[in-house]
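My plan is to look up one item at a time and write down what I find.

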Amino acid sequence: MNHVAIATNDLAKATALYRDTLGGRVSAPVAQPEHGVTTVFVELPGAKIELLSPLGEASPIANFLRRNPEGGVHHLCFEVTDILAARDRLTAGGARVLGEIKTGAHGKPVLFLHPKDFGGVLIELEQT
Ligand code: CO
């Protein structure tokens, strides 16, 4: 697993929670206009967390935050060695890819899989 992403309407509050309550190392907020989010990277022993808050009008996390105004777990990201091979294998098995392969928050290719194909969990795949 690469990271767990948590959506929040209050990035400063969420950042303080992970820093002060759990002792996480937190980054400065990073605006990612091409993804419609602002991200704070949190490092904890054995865990990477990404805090996401909406950026711009058409943020892909806006609907999630309307349904979950207190925030919550948004997606899990798993690493794959070959994202095209992973996409082809998963779609051949009936999984739905959301949108196109993009460059993710770490500068590597990522794609998202429909939560209805993964037990209600939005899955991100990131090429290592
Ligand atoms: Co992610």
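**Entry 1: a serine in a loop**

I start with Ser59, whose side chain reaches the backbone oxygen of Gly36 at 2.7 Å. I keep in mind that this is a predicted model. I place Ser59 in the loop between S5 and H2. Is Ser59 buried or exposed? I find a relative accessibility of 7% for Ser59, so it counts as buried, the limit being under 20%. I then look up its contacts, leaving aside neighbours within four places in sequence. Ser59 is in contact with Gly36, Val37 and Pro54.

I check their accessibility next. His75 has 5% relative accessibility and therefore counts as buried. Glu124 is buried too, with a relative accessible area of 5%.

**Entry 2: the largest pocket**

I turn to the largest pocket and read off about 760 Å³ of space. It is lined by 32 residues, and the closest to its centre are Pro60, His74, His75, Phe112 and Leu122. Which element gives the largest share of the lining? I find S7, with four residues. Several elements each supply at least two residues of this lining, among them strand S4 (37-44), helix H2 (62-67) and strand S8 (109-113). S6 and S9 are also on that list. I sort the lining by type: 14 nonpolar, 12 polar and six charged residues.

**Entry 3: the second largest pocket**

I look up the second largest pocket and note a volume of about 230 Å³. Of its 13 lining residues, the closest to the centre are Thr8, Asp10, Lys13, Ala14 and Glu70. Where does the lining come from? Strand S1 (3-7) and helix H1 (11-21) each supply at least two residues. H1 gives the largest share, four residues. By type, I record six nonpolar, four polar and three charged residues in the lining of this second largest pocket.

Key: Residues are numbered from 1 along each chain as its sequence is written. This is a predicted model: local features need pLDDT of at least 70, side-chain atom pairs count only at pLDDT 80 or more; totals for chains, interfaces and linings use all residues. Side-chain values use heavy atoms; hydrogens and water are left out. Buried means under 20% relative accessible area, exposed over 50%, partly exposed in between (1.4 Å probe, protein chains only). On a 1 Å grid over the protein atoms alone, a cavity is a set of points where a 1.4 Å probe fits but cannot get out, and a pocket is an open set with protein on both sides within 12 Å along at least five of seven lines; lining residues have an atom within 4 Å of a point. Grid points are joined across faces, edges and corners, and a volume is the space filled by probe spheres set on the points. Ala, Val, Leu, Ile, Met, Phe, Trp, Tyr, Cys and Pro count as nonpolar, Asp, Glu, Lys and Arg as charged, and the others, Gly among them, as polar. A polar contact is a pair of N or O atoms within 3.5 Å; within protein, one must be able to donate a hydrogen and the other to accept it, and residues adjacent in sequence count only if both atoms are side-chain atoms. Contact means heavy atoms within 4.5 Å.
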